[in-house]
Each structure stands twice: as structure tokens, then as C-alpha cells.
Amino acid sequence: MSKAVITVVGQDKPGIIAAVASNLSKHHINILDVSQTIMQNIFTMSMLVNLETLDEQFNALQDELNQLGDKLGVTIHTQREEIFETMSRVSTQDQPF
Amino acid sequence: METKQILETIQMVEEEHLDIRTITMGISLLDTVAGDPKATAQNIYNKITTYAKNLVSVAEQIEREFGIPITNKRISVTPIALIAGHATPDEMLYYAHAMDDAAKAVGVDFIGGYSALVQKGFANGDLALIQSMPRALTETDLVMSSVNIGSTKAGINLDAIKLMGETVMAIAEKSDTANAKLVIFANAVEDNPFMAGAFHGVSEPDVVINVGVSGPGVVKRAIEKVKGESIQVVAETVKQTAFKITRVGQMVGALAAQRLGVEFGIVDLSLAPTPARGDSVAEVLEEIGLEQVGAHGTTAALMLLNDAVKKGGVMASQRVGGLSGAFIPVSEDAGMIDAAKAGVLSLAKLEAMTSVCSVGLDMIAIPGNTPATTISAMIADEAAIGVQNNKTTAVRILPTLGKDVGDMVDYGGLLGTAPVMPVVEKSSADFINRGGHIPAPIHSFKN
């Protein structure tokens with residue numbers, strides 16, 4: 001496992017990015033890319049992070065971020081990056097995808 | 001990576017019911033045959049529980065990492081009639097219980113392969129297995145059964161069709177729902193991951209992972225965006241959407257196979273509905289432009305849908321197999337239920353639809369006083385469509401004792417609810433009672 005995408009969707013309020021980022025830093029996870037928009041007051045952020053050292057702890061991170069989402073009143077998805085790439089890519093040369 | 005693309009994927013899962021319908025592990029039982037049925041049954045239990053012990057946990061971990069639901073984990077095995085050539089109908093139950101116990105031990109949702117292939121005639125095991133079905137399907141919970149009664153190469157076994165009509169009625173006398181676990185096929189495929197018809201064909205490897213993907217809701221949402229545009233735009237939209245859905249199946253299947261240390265078989269891209277609103281093949285057909293499914297034009301719309309799904313799917317995966325297309329079960333599809341209740345969708349129209357989609361008359365409740373020969377004749381009609389047109393067809397029909405046209409029957413869970421539909425009351429008995437074998441069509445001689 002190498003990269004994951006963390007998506008946050010919900011009502012905008014101060015401190016969402018800070019809370020997610022500090023959680024990631026606690027796990028020593030490096031943020032590679034962040035993109036954020038606000039559409040009709042709905043906050044949407046997607047974050048690409050490096051999971052190279054976190055193979056075993058993926059579940060723990062996901063659980064923590066889900067809890068954080070509940071606390072902040074937003075939905076947080078933590079998913080491996082491949083699912084997003086796979087959907088719009090034709091090549092199957094780089095097995096197993 | 002674009003946020004839009006990420007959100008589209010999340011929306012497909014959360015709002016449009018995109019799911020991996022099943023990861024099915026196919027396991028060969030050819031090496032489990034021992035001298036006596038009890039010993040063979042024990043070997044079957046041991047092999048299944050060894051090979052599939054991590055299937056559920058691997059699938060659940062993949063669900064978690066990718067955020068995509070894997071609705072069912074299933075097992076398919078070599079048709080039991082081949083393994084149990086010596087068994088009596090009573091002894092057959094050892095095999096049924098071994099399958100059921102093994103499935104429960106590893107935590108899968110279903111196990112398929114309580115099956116016989118009799119398109120050209122009966123071997124000893126075939127007859128015993130069919131005779132054991134009323135007990136096997138009511139005494140076990142997770143065992144799924146199928147019988148192949150015809151093929152383009154072999155023709156149609158009318159004796160088997162007669163027997164299966166009687167068997168369906170015998171099962172109905174014991175249970176209102178057990179017939180949901182029995183499919184009668186023509187041209188059955190050997191790598192189908194979908195139930196109730198999954199079995200592990202004799203030419204398959206020892207163990208293999210096959211994946212079934214679904215997503216009628218995703219297709220419907222995509223077609224909503226091309227309202228009023230010409231029909232080839234609809235075809236292209238379905239194709240592109242099917243591609244995306246199948247890619248997910250390809251990825252998940254390959255990963256599951258890798259983690260289980262097993263060969264990856266095929267992706268079956270089938271639009272398989274569930275009773276949930278928005279997860280309906282009928283709604284897709286209606287979105288193409290029909291006021292309600294069953295209206296004139298339904299067959300044409302379904303033909304386009306089925307074909308475009310296959311075209312998108314083929315490009316997206318290394319190996320496409322199984323049934324791949326659109327399923328049109330009645331009880332499992334909210335839109336079909338509505339149309340059947342309203343009298344818009346008839347058995348005759350459903351039969352016509354099966355000539356252009358991937359399966360057949362599926363999950364249809366009929367009156368409990370329907371003669372067995374009439375059920376046999378329905379099977380014969382479906383087999384004729386499949387055999388003549390080189391495609392798979394199937395019948396999964398549910399006569400319900402004490403119920404009549406218009407009554408509702410509840411099957412529970414993914415099996416849904418169905419209104420009892422009228423059948424033609426004129427007799428087909430003399431035709432079915434002739435018995436024998438309908439010869440293979442002329443175009444099957446291709447050598």
C-alpha cells in the first residue's frame with residue numbers, strides 16, 4: 001500500500017483541515033496534495049497522503065478519522081488511491097490492477 | 001487527481017448503490033471422492049473450510065480499504081451429481097449438509113453447486129440429486145442448486161424438463177421460498193459467480209476467484225444526464241458507465257485473488273437489481289424512455305442495455321465471463337414489482353425480454369395450483385430461446401401454495417417480494433408427457 005485519498009464533505013466551519021492534519025501528523029503521515037472547495041456552503045476537501053509506513057495501521061487510521069468526522073459533524077472517507085485511478089484508466093499492464 | 005472524479009466515485013457507492021455484488025470462490029471437488037458418501041462429505045467439508053477460510057476476512061478488508069461494499073461472499077463447487085455418482089437420494093443429503101456446514105463455518109452468504117448437468121441424459125448421480133432436492137433445499141440454509149437441461153450442442157432433454165416441473169412443485173409443497181434456491185438452465189456457464197446458478201465447472205482450475213459487479217443505479221443516473229438525446233448516445237453512455245463499474249470489479253477481484261493466493265478467474269458484469277429503490281433494472285429501462293417496464297419497446301431497450309453493458313465490460317477487464325448483462329428478476333427489482341402489480345408486465349413480455357438479456361424467467365411467483373406440466377412447459381420455452389440463440393437462459397419460478405393471482409409473497413432480504421402473476425391456463429401436458437429429447441438446432445453443427 002502506498003497512497004490513500006481522504007475526503008471530507010460537510011458543513012463548513014473553522015478548524016476542519018487543522019483537525020484532520022493534526023491527526024495525520026500524529027500517525028507520521030505525509031500529506032502529498034490537498035484540494036478544497038466550498039460549493040453552496042458545503043465544504044469539500046480531498047487530500048492525497050502517503051501511507052508507506054502505515055500498511056498495518058490503515059484500519060486504525062480509518063477508525064480514528066471516522067470518529068473525528070462524527071465529532072466535527074462531517075463525513076470523512078479514507079480510501080486507497082487505486083480505486084479512483086482504476087475507474088478511468090484503460091491499462092491493465094501494471095498487475096494486479 | 002481531480003476532486004470531481006473522487007466525488008463521483010464516492011457518490012456512485014453512497015447514492016447509486018454501486019457494489020461488488022459478490023466475490024465467489026470456485027472450488028473443485030473432483031479430488032474429494034472417496035469410497036463412501038459419508039467419507040466424501042467429510043472430504044468436501046474439509047476442502048471447502050481449508051480453501052475458503054480467509055475468504056470473508058480478505059473481502060472485508062478490501063471493502064474497508066477501498067470504501068466499496070462487497071455485498072456477498074460466496075463459494076461455488078463442482079456439480080455434486082458428478083462427485084456423488086453412487087449415492088442414493090437419501091445419501092445425497094450428506095453432501096448437501098457438508099456444503100451447508102462448510103459455508104456456515106467460513107461465514108459465506110451462499111454456496112452453489114448442488115447441481116446436475118443433464119442436457120443429454122441422466123447419469124445415476126443426476127437422478128438421485130434431483131430426487132433429493134425437495135429435502136436438500138428445505139433442510140439446508142445456504143445451499144443453492146441448479147440443473148442444466150439443454151444446450152445448443154446437445155439439444156433439450158424433455159424428460160429432465162418434465163422431472164424438473166414436478167420437482168419444483170414438490171419443493172413448493174414443502175416451502176414457499178425454497179424454489180428461490182433452484183435455477184433450471186439451458187446453456188449454463190461454468191464460471192458464473194451469481195446465485196442461485198453458480199457452480200464450478202469441471203474444466204475450471206482447482207480453485208479460482210470470480211467476481212460479480214453490479215450497479216443499475218449508476219447506469220440510471222448516467223442516462224438521466226442524456227435525457228432527450230438520440231439512442232446511440234444512450235448506448236455510448238451505458239458503455240462508458242459499464243467500463244467504470246467493471247474496472248472496480250477487475251481491481252477488487254485481482255487484489256482478492258492475490259491476497260488469497262488463488263488464481264483470478266473472471267469478472268461478471270451483470271446489472272443485478274436489489275429491491276431497494278434506485279437499484280433497479282426496470283428503472284434503467286424506464287429512464288431510456290418507457291413509461292413503465294413492460295410497455296412496447298421494452299425488449300428493444302433491454303437489448304441495447306444488455307449489449308452496451310457487455311461492450312463496456314469487455315474492455316475493462318482481463319477476462320469477462322459468467323453471464324454478463326442485465327438480470328430481470330421480478331421480486332428483486334422495485335420497478336419490476338410495480339409493473340407486475342399494475343398488470344403492465346406479463347409473463348409473455350418477460351419471456352420475450354429473456355431472448356435479449358443474460359438470463360431468464362427469474363423470481364416470478366405463480367399460483368400454487370399451477371400444474372407441474374405447465375411449469376415444465378415454461379422451462380421448455382426458455383430452453384428453446386437459449387438453445388436456438390446460443391445464449392444462457394434460466395427459469396427460477398416460485399409456485400406458492402394457497403396464493404392466487406394478485407396476492408403478494410414476501411421472500412425476505414435481497415430476494416424481495418413478488419405479486420403472484422397469472423399463467424396461461426390451457427394445458428401443455430400432452431406435449432411435456434411425450435418425453436424424450438428435442439434435437440440440437442442445425443447451426444450447432446459447426447465442426
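**From chain folds to local geometry**

Along its sequence, chain A runs through the pattern β-α-β-β-α-β-α. That amounts to three helices and four strands. The model is predicted, and the predictor assigns the complex an ipTM of 0.82 and a pTM of 0.92. Of the 97 residues in chain A, 28% are buried. Among its contacts between residues at least 6 apart in sequence, 66% link residues at least 24 apart.

Chain B has 15 helices and 14 strands. Its mean pLDDT is 94, and 100% of its residues reach 70 or more. The C-alpha trace of chain B extends about 60 × 55 × 50 Å along its principal axes. A compact globule of 447 residues would have a radius of gyration near 22 Å, and the 21 Å of chain B therefore agrees with that expectation. Buried residues account for 60% of the 447 residues of chain B. Of the contacts in chain B with a separation of 6 or more, 80% are between residues 24 or more positions apart.

The next topic is where the two chains meet. The contact involves 21 residues from chain B and 22 residues from chain A. On the side of chain B that touches chain A, the elements giving two or more residues are helix 1, helix 3 (55–66) and helix 9 (231–260) of chain B. Helix 9 of chain B supplies the largest share of that side, eight residues. Sorted by class, the side of chain B that touches chain A consists of ten nonpolar, seven polar and four charged residues.

Helix 3 of chain B, one of these contributors, can be checked for its length. Its twelve residues should span 16 Å at 1.5 Å a residue, and because its end C-alpha atoms lie 17 Å apart, the helix agrees with this value. The buried residues of helix 3 of chain B are L55(B), V58(B), A59(B), I62(B), E65(B) and F66(B). They cover an arc of only 130 degrees around the axis, so they lie on the same side of helix 3 of chain B. After helix 3 of chain B comes G67(B), with a positive phi near 65 degrees.

Helix 14 of chain B is mostly covered, with 13 of its 17 residues buried. Just after helix 14 of chain B, N390(B) has a positive phi of about 55 degrees.

What is the phi of H17(B), which is not a glycine? The value is positive, about 60 degrees. H17(B) sits in the loop between helix 1 (3–14) and strand 1 (19–27) of chain B. With 23 other C-beta atoms within 10 Å, where 20 or more are required, H17(B) is buried. S324(B) is likewise a residue other than glycine with a positive phi, near 40 degrees. It belongs to the loop between helix 11 (298–316) and strand 9 (325–326) of chain B. S324(B) counts as buried because it has 27 C-beta neighbours inside 10 Å.

A further backbone feature is the cis peptide bond joining M195(B) and A196(B), with omega about 10 degrees. A196(B) is in the loop between strand 6 (182–186) and strand 7 (207–214) of chain B.

R74(B) is located in strand 2 (residues 70–77) of chain B. Is R74(B) buried or exposed? R74(B) is buried, because 28 other C-beta atoms lie within 10 Å.

How values were computed:
Residues numbered from 1 in each chain as written. Chains lettered and ligands numbered in written order. Predicted model: local features only at pLDDT ≥ 70, side-chain atom pairs only at ≥ 80, totals over all residues. Buried ≥ 20, exposed ≤ 12 C-beta atoms within 10 Å, placed from the backbone. Contact = placed C-beta atoms within 7 Å. Nonpolar A, V, L, I, M, F, W, Y, C, P; charged D, E, K, R; others polar. Expected span 1.5 Å × (residues − 1). Arc of directions from axis to C-beta. Rg over C-alpha atoms; globule rule 2.2 N^0.38 Å. pLDDT = per-residue confidence, 0-100.
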